[in-house]
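Here is a note for a colleague who is opening this structure for the first time. Please read the numbered points beside the sequence and the model.

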Amino acid sequence: MLEEDTIVAIATANGIGSISIVRLSGPSALKIALQLSKKKELKPRLATLASLYNSKSEIIDEALLIYFKNPYSFTGEDIVEFQCHGGIAISNIILSECMLAGARIANPGEFSKRAFLNNKIDLTKAEAIAKIIEARSEDAVKLLARQLKGELSSFVNDIREDLLFMLAYTEVTIDYAEEDLPSDILEQIKTKLDAIILKLGNTLEASKRREGLIEGFKVAIIGKPNVGKSSLLNKLLNFDRAIISTIAGTTRDTIEESVKIGTHLIKIVDTAGIRDASDEIEKIGIEKSLEAVEDADIIICLFDNSHAKDDEDDKVLSIIEEHKNKKILTVLNKSDLKNVFDKTLLHEPLTLSTKEDINPLISLIEEILDANTHSDEMTLISKRQVDAVSQTLYHIHEAYSPLNTGELEFFAYNIQEALEYISNITRPYDNEQMLDVMFGAFCLGK
Ligand SMILES: Nc1nc2c(ncn2[C@@H]2O[C@H](COP(=O)(O)OP(=O)(O)O)[C@@H](O)[C@H]2O)c(=O)[nH]1
Ligand SMILES: [Mg+2]
């Protein structure tokens, strides 16, 4: 289903660089490129050096032209790429000349949308493209590259095949026989259902646990006032981001910053000290500290080694007790002073001083993140994918009991629903609106 109009966009970032790429896609792409270059022909997939001319035949640049003849291009349409000299002016002039010659400016994500509509990529790849462009860490790139290569597509296709197999058998039984499913087929279906439930469940669980791989894992620093939370944040960031003082209640709001640890990007959150405050604003700050705990993947819980444990520390300990499902690192700070905190009251505390060396803590965080990153578990990268898998899993669970009671129509209905949801991940049956929203979020020129 080839589009009528030809679109054009500057594919490279808007700024000064050695080259810029202007990309044309659509039925007139070649014609427009020949007009601008005054060439008779362009050989597909061959780089051709050419002078470019404007509509008044004035020379505007010298560029490398590459023609991709349909269907062997990213969009599946004719594409011509101009590799022109870098800079804002040149690429904009070429863009305007392409428009004068009949192209229209592309909408955000329109190249990818055309690639999707022409079956060149499925939605998992489209999402991976959008995200890999914005990725800010090596972890994110590695994860997204796997999806780009089609890992999720084949995962989805395998499950679809199994569901289709079940549907085929049950439909035949419903149509032609009064009898129940033959018992060996029934057993085979149950085995397949169990395997799918396990696969989907593991994927959802792993995706939740590894959510931070793209945006950055959240690490919250908590503790009572004055234990050195803001000092730790500043030390991790290597600059004075938060105000540090001996006055309890100095940090009233949560402060969030991104920092790289090893190959990982983390979002580190400094919080207001937890205590029974009477000040209204401080109270709100403490509420936000508790929210930060909820949101965090890793919690660094600070105590002051120069004082004995008190009621405020107990309060902090009771909070981490409620969040045992998260990674919790307990740190006895201010260990450069006289050590009076009873270590045995904490679980494997790290003894350190933010005034001196925090490397042992950094290594520990890196170890945790490494363990979470180096795994080949299937990971979903968007809420859209997570929702689709959850719905698939729901309908597969729903299919189980009618199978046991021989109500094959109900079984078939739920498998049909599951099929539709799982298919949505790669190629929805029809959902124009969803496609517009999705591709609209792409950056220009993609
Ligand atoms: N001696 C010593 N003082 C520290 C250490 N860490 C923080 N402090 C001091 O403790 C006070 C409170 O620090 P701050 O980071 O504002 O604590 P917060 O309220 O937990 O954010 C400041 O005067 C810091 O200089 C440390 O490791 N050793
Ligand atoms: Mg503070």
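**Notes on pockets, strands and backbone**

1. The lining of the largest pocket takes at least three residues from each of domain 2 (131-209 + 380-426) and domain 3 (214-373), where the domain bounds come from an automatic or database domain assignment. The model is predicted, with local features needing pLDDT of at least 70 and side-chain atom pairs counting only at pLDDT 80 or more, while totals for chains, interfaces and linings use all residues. Residues are numbered from 1 along each chain as its sequence is written, chains are lettered from A and ligands numbered from 1 in the order in which they are written, and side-chain values use heavy atoms, with hydrogens and water left out.

2. The largest pocket has a volume of about 850 Å³; a pocket is an open set of points on a 1 Å grid over the protein atoms alone, where a 1.4 Å probe fits, with protein on both sides within 12 Å along at least five of seven lines, and lining residues have an atom within 4 Å of a point. Its volume is the space filled by probe spheres set on the points, which are joined across faces, edges and corners. Of its 33 lining residues, Lys208, Arg209, Arg210, Glu211 and Asp297 are the closest to the centre.

3. Helix α12 supplies the largest share of that lining, five residues; helices (H or I, at least four residues) and strands (E, at least two) are DSSP runs, numbered from the N terminus. By class, the lining of the largest pocket has 12 nonpolar, seven polar and 14 charged residues, where Ala, Val, Leu, Ile, Met, Phe, Trp, Tyr, Cys and Pro count as nonpolar, Asp, Glu, Lys and Arg as charged, and the others, Gly among them, as polar.

4. The second largest pocket holds about 430 Å³ of space, and its lining divides into seven nonpolar, 14 polar and five charged residues.

5. Strand β2 (residues 19-25) is largely enclosed by the rest of the structure, because six of its seven residues are buried (under 20% relative accessible area, with a 1.4 Å probe and protein chains only). Strand β2 pairs antiparallel with β1 (residues 7-10) over four bridges and is joined to β5 (residues 79-85), also antiparallel, by seven; pairing requires that DSSP finds at least two bridges. Arg23 in β2 stands opposite Ala9 and opposite Glu81 in β5.

6. Two backbone details deserve a look. A cis peptide bond, with omega about 5°, joins Asn70 and Pro71, and Glu348, although not a glycine, has a positive phi of about 40°.

How values were computed:
Buried < 20%, exposed > 50% of the residue type's maximum accessible area, 1.4 Å probe, protein only.
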